Amino acid sequence: MKQIDKYLNMVKKQAALIVVGALVMCLIVGLMIVNLPEEKLVFDLADNVGLWQLSDGSRFREVDGAVELIKGPGQLYLVIPHLTFFAGQYDVCVIEGRWPIAFDQAHLLFISPFNQQFNFNVRCDFDTGLAGGWNKRYLDIGSHGAWQGMIKGVLLLPGEGADRIRLKSITFIKPNSWTRLKAIWSAFIRYRDPLLGTCFAMATPILAGKPFNPFVLPIVFGVLVIGGSIMAGVRIFQADQRISKITAIICLVITMLAIVTLDMRNNVFYLKGIMRNVSLYWGKSIQEKRGIVVGDRDFTDFMRFCDENIPLDVRIFNQVSIDLPGTPPNYLAAVQYAANLRPRFYDPQTWGRKRSYYIFYKPKDHKNLEVFQEQASKTAYFDVAPGEKLFQKIELWQPSQYLYQVNIWMRDKDINNDGIELALVSKDKRTVAGKAKYVSHVGEEAIFRFVPSVNFGKGEEMFLQIENKNRKPVAIGVAFGELYREGALVRNGKIINNDLSFRLIYRPKNLALFKRFNNEAFILMDQEKS
Amino acid sequence: MIILKLFAGLFIAWMLGHLIIRFFDPGKKLSAFEDMALSYLVGQGSVTLLLFLLFLLPIAHQSLIITLLVVGSFAVKMFYDKSGHWRNKKISFGIFSGFFLKRKNIIIVLLLIFLVSSLFIKISYSFVEACSKPEYAWDAAGNWTLAGKNYFYAEKYRTDKVVEELKNTVNSYPRGLSLMHYWLFWWMGEANDQWSKMIFPVELLCLLVIFYCGLKPARGQLGALVFVCFLCSAPIFLYHSTIGYADLTKTVYFAAGMIYFYRWIQTNQELYFWSFALPLAFTSWIKMEGRILYAIGFVLLLLYLWRDSKETLRSKIVHIGEYLLLFMVIGLPWQLFVLFNQLPGQEGWLSFSFYRFLEFHAKVYELLFLGGSWGMFWVLAAGTTLFFFKRQLSGRNFYLLAAILLFYGNLLFIYLCFSDTVDFMLLTFNRVLLPIYPVIVFNMGCVLPSLKIDEELVV
């Protein structure tokens, strides 16, 4: 018996040795297979000075076998115009550099038969990795839909936040399995900055990562449907209840595993987010941070300049130029304006006696500066019958302004806008001082402008007359709250709203320069007091 | 230095909350961590409410008066409270004690390390993200921080303008959150919107502690921790703890209220009734929609008293009265302020359309499962409801389901009846859903059966 035991032990030991040996062999062979030699196209930036160009105003200097790119007034990017190769040759791009901000956003653009010029919408995004040391960033460009045919040049936006970036090389690789895995993994855990330049009316899908959900969801849904069907079957056919229980547990475990996978990836994002915040904001003043968050340091500095120079007891007009289209970054800027300035406390009884101040930041048209008087969005609609007139009492508070534009809300998009007549009439509601022309329709909002402008004096009571000359009623929207100017909406001779109801845009006239921050940012003020 | 001042402001708020909680919990049934979390939430609400009321009076130095009152009361309480927490009773941090040391099973230890580190990463992210930069998000800056800043400067330069600034509100939103910003600005001595944002991660932390304590009796330490991690797993939820929107604050109060409601109907301890009613009343001091959340709490209270409560009729009436009284003290002052000053509200126009039912649900599906950054949460929630429907209806779990259905019914009502608001509300739908999210996770924690692998490893 002892001999048999001894023999068995020996066999066990030998078997264990064989298994371990086989595993080691598999590992070595596996490593050799995944780490096969690769075909590479290395573009060393320091060795090829002259074969690449930088964006206007940006410059570079050579440092330790690399180049340091120094941002100019515009965006920093690098173009290699004559780099030509067949896309199928290389599936992975490796960019070696040293970035000052952790996990900054960077992009690689290229020209291929699918896009004949550098197009930002056709790009490969990557994050820049940890700050401070040399990093190699792997891009899985082979999976990009437009990475086909002959590539005839690449453009690299090496980072969005940094002013100085060091780059060594851009390498295109026909990858072995190991390099391909690194590129796929980099794309999978790429950090997406959720914050800069976004208006959060709705929180955007940030950290869950869209591409992953559509992949996982059908599987999980499938599992749930199959599980539900099995459980329903068990109930209908009165089968063993244990089947139901086991099915439920399996379904839940699969869903939980999917959640854990997603969550672990989110944790990677969170860690990257922490590191990015530390490298981007640590040790900076709140003013600098504000500039970074807004994405326009010039703007926040200008706001501070305004805050320091404009008296505290006057009224300020204009948040930013009206020409800005109202896209999210501009809302953001508007908010920062409000957040950056101390409030101005003026009394309605006296503020008209003081000069008003006008802030302008990068106006598109220096000759026609505009004042934006925002009001509440519409809260109600009135059906205005054919031939019916609505009157809006308006009063000019600032002598330095004139009425330029009126925006009204009209629900029916098929309505003939020329059938809506908008005029400025005097107190008797008969004498027409000027008529407005329909300009355009944005959503439900119809825009009318007074061209040429209509002048009326401060304190002079005027009415805005809106007449429906169409053959059918028009639903016109009006506001009932948050008003900046006084007025009264009159319908059929009766006041139905004691406040102003339509959005009015005024333009200033007779303004004088108060302070200049630079050529694109300045403060004007009324030339005359009322 | 500014951080010390900030913490002083938070600490005074906590002290006020602690005094209130001690008033309702003389027997000190809450563990120290839970007491701290709930005290902070109640304190934050109370300090802002006091500020609002004092601003309406013709006096100056409101913040200083509150500070002196709170510190004085706290000192008196500590001095006279002979059976107090601090003197005669050892402070119990029992909810976490021996969490790791008692464990022998290596799998459990590894699981615990994984869960705790995952939670630590998320909470750290929340704090770092919130406090490393000034306010940047639209509603947060435009509605809440801006108002707080205006009060701060009005109080500094033109005290006669403070009440006028209080009236300057979008959609008659209550000013609870803005006043909290003001309170911290006052403490810091500057309108620093970077550091005042710390209230949001702190609120999140408070909710996590309350959530954990609420679930621990049902699922044990490990199970409760798993669900706390699960609560933090939806990116949109964590994200809201960093941007400064009032939706997170409203969510925290509502969820805390619902958790304590569940504990109250399970234990019938009076402390939990107050812990349920107080946060729910505070929701109406955060946002106008809070009134609906408060009403949901009221319906649940009535339902419980009518259906399951074994209290006497007198006791039931007293509870209803107490619940309503809290609204009168907390929510009503602002409503009266709005009414007397004729502040503009958010008006909608009733135009019922059943057609929108399908449109609504199609959009909701897209938002919940694909575009809303909820991760896999709603899939699991759907699975739980499908597979464990019986457990959902049994016992006290019924009330959590009722809360969820009431919330859903309210949303549906608004979407079907107010056409003007549909587009906007769908745009903001994900954050409209936030208040119910922790309640659904808590409900799942109560409904899902435990997985028992061995004596220790029960999730």
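1. Are F110(A) and W147(A) buried or exposed? F110(A) is buried, and W147(A) is buried too. (Buried is under 20% relative accessible area, exposed over 50%, partly exposed in between, with a 1.4 Å probe and protein chains only.)

2. This is a predicted model: local features need pLDDT of at least 70, side-chain atom pairs pLDDT 80 or more, while totals for chains, interfaces and linings use all residues. Residues are numbered from 1 along each chain, chains are lettered from A and ligands numbered from 1 as written, and side-chain values use heavy atoms, without hydrogens or water.

3. Over all chains there are 58 aromatic pairs. (Rings of Phe, Tyr and Trp, the last by its six-membered ring, pair if their centres lie within 6.5 Å; planes under 30 degrees apart are stacked, over 60 edge-to-face, the rest tilted.) In one of them, F110(A) and W147(A), the ring centres are 4.9 Å apart and the planes stand at 90°, so the pair is edge-to-face. F110(A) sits in strand 7 of chain A and W147(A) in the loop between strand 9 and strand 10 of chain A, so the pair ties together parts 37 residues apart in sequence. (Helices, H or I of at least four residues, and strands, E of at least two, are DSSP runs numbered from the N terminus.)

4. F261(B) and Y304(B) also pair edge-to-face, at 6.4 Å centre to centre and 85° between planes. F261(B) belongs to helix 10 of chain B and Y304(B) to helix 12 of chain B, so this pair joins parts 43 residues apart in sequence. F261(B) is buried, with a relative accessible area of 1%. Y304(B) is buried, also with 1%.
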